[in-house]
Amino acid sequence: MNSGVWAVFVFELFWFFVTYCVVILIIGKLFIGNSWRQRVLLSTLPILSLEISLSGIASMYPPEDPDLILFGIAVAYILYRVFTRFSWVPRLAGVIYVVFEILFPLLALSTFNGRDLFVPNLVLGSIAVLLMEYVRRELKRYRTYGG
């Protein structure tokens with residue numbers, strides 16, 4: 001994969017990831033009343049958003065199939081329902097977020113050779129990391145004050 005194609009892929013991944021993180025965060029804050037389900041949703045936010053993002057990217061390329069994004073949303077919902085069955089999922093939130101907060105700047109830096117998308121990738125990667133840090137602090141507040 002040449003550097004231009006890789007840079008476009010990383011840009012699309014960041015763009016979809018940030019968009020779906022915001023959507024899942026709004027859903028978690030406004031529409032889920034049960035604090036346990038809200039904690040599980042926020043704990044697994046990066047995994048669910050990444051899964052939907054990859055299905056969104058796959059739906060854009062030939063053969064273009066918009067149903068793939070719906071399939072990705074359905075798979076993310078099934079994953080969320082599976083995650084709500086296990087009590088240890090919120091305890092892994094710190095590990096999940098640290099892995100993603102390390103991975104995203106490295107992905108952005110890997111597009112350095114494709115100078116056209118290097119700066120947008122850094123900006124979107126930084127927004128994604130800041131968004132995840134905000135959610136991680138919210139989860140920490142849940143643990144400290146009992147939600």
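Predicted model: local features only at pLDDT ≥ 70, side-chain atom pairs only at ≥ 80, totals over all residues.
Colleague: What makes E133 and R136 a salt bridge?

Modeller: Their closest N and O atoms are 2.9 Å apart. The cut-off is within 4 Å, so the pair qualifies.

Colleague: Where do E133 and R136 sit in helix α6?

Modeller: They are 3 residues apart in helix α6, which means that about one helical turn separates them.

Colleague: What is the relative accessible area of R136, and what is R136 called?

Modeller: R136 has 23%. Buried needs under 20% and exposed needs over 50%, so R136 is partly exposed.

Colleague: How do you know that E133 and R137 form a salt bridge?

Modeller: The N to O distance between their side chains is 3.0 Å. Since the rule asks for within 4 Å, E133 and R137 meet it. These two residues are 4 residues apart in helix α6, again about one helical turn.

Colleague: What makes R137 buried or exposed?

Modeller: Its relative accessible area is 58%. Exposed means over 50%, so R137 is exposed.

Colleague: Which residues are linked in a network of salt bridges?

Modeller: E101, E133, R136 and R137 are. By the rule used here, the count of salt bridges comes to 4.

Colleague: How do you know that K29 forms a salt bridge with E138?

Modeller: The closest N and O atoms of K29 and E138 are 2.9 Å apart, and the limit is within 4 Å. The pair links distant parts of the chain, with K29 in helix α1 and E138 in helix α6, 109 residues apart.

Colleague: Why are K29 and E138 put in the classes they have?

Modeller: K29 has 31% relative accessibility, so K29 counts as partly exposed. E138 has 12%, and buried means under 20%, so E138 is buried.

Colleague: What makes the lining of the largest pocket nonpolar, polar or charged?

Modeller: Its residues divide into 12 nonpolar, no polar and no charged. Among them are Y20, I24, L48 and Y80. The largest pocket holds about 310 Å³ of space.

Colleague: What is F104 in contact with, leaving aside its neighbours within four places in sequence?

Modeller: F104 is in contact with F14, F17, A128, V129 and M132. F104 is also one of the residues with the most contacts inside the largest nonpolar core, which has 38 residues. Helix α1 gives the most to this core, with 10 residues.

Technical notes: Residues numbered from 1 in each chain as written. Heavy atoms only, no water. 1 Å grid on protein atoms, 1.4 Å probe; cavity = no way out; pocket = protein on both sides within 12 Å on 5 of 7 lines; lining within 4 Å. Points joined across faces, edges and corners; volume = space filled by probe spheres on them. Nonpolar A, V, L, I, M, F, W, Y, C, P; charged D, E, K, R; others polar. Core = buried A, V, L, I, M, F, W, Y, C linked by side-chain atoms within 4.5 Å. Buried < 20%, exposed > 50% of the residue type's maximum accessible area, 1.4 Å probe, protein only. Contact = heavy atoms within 4.5 Å.
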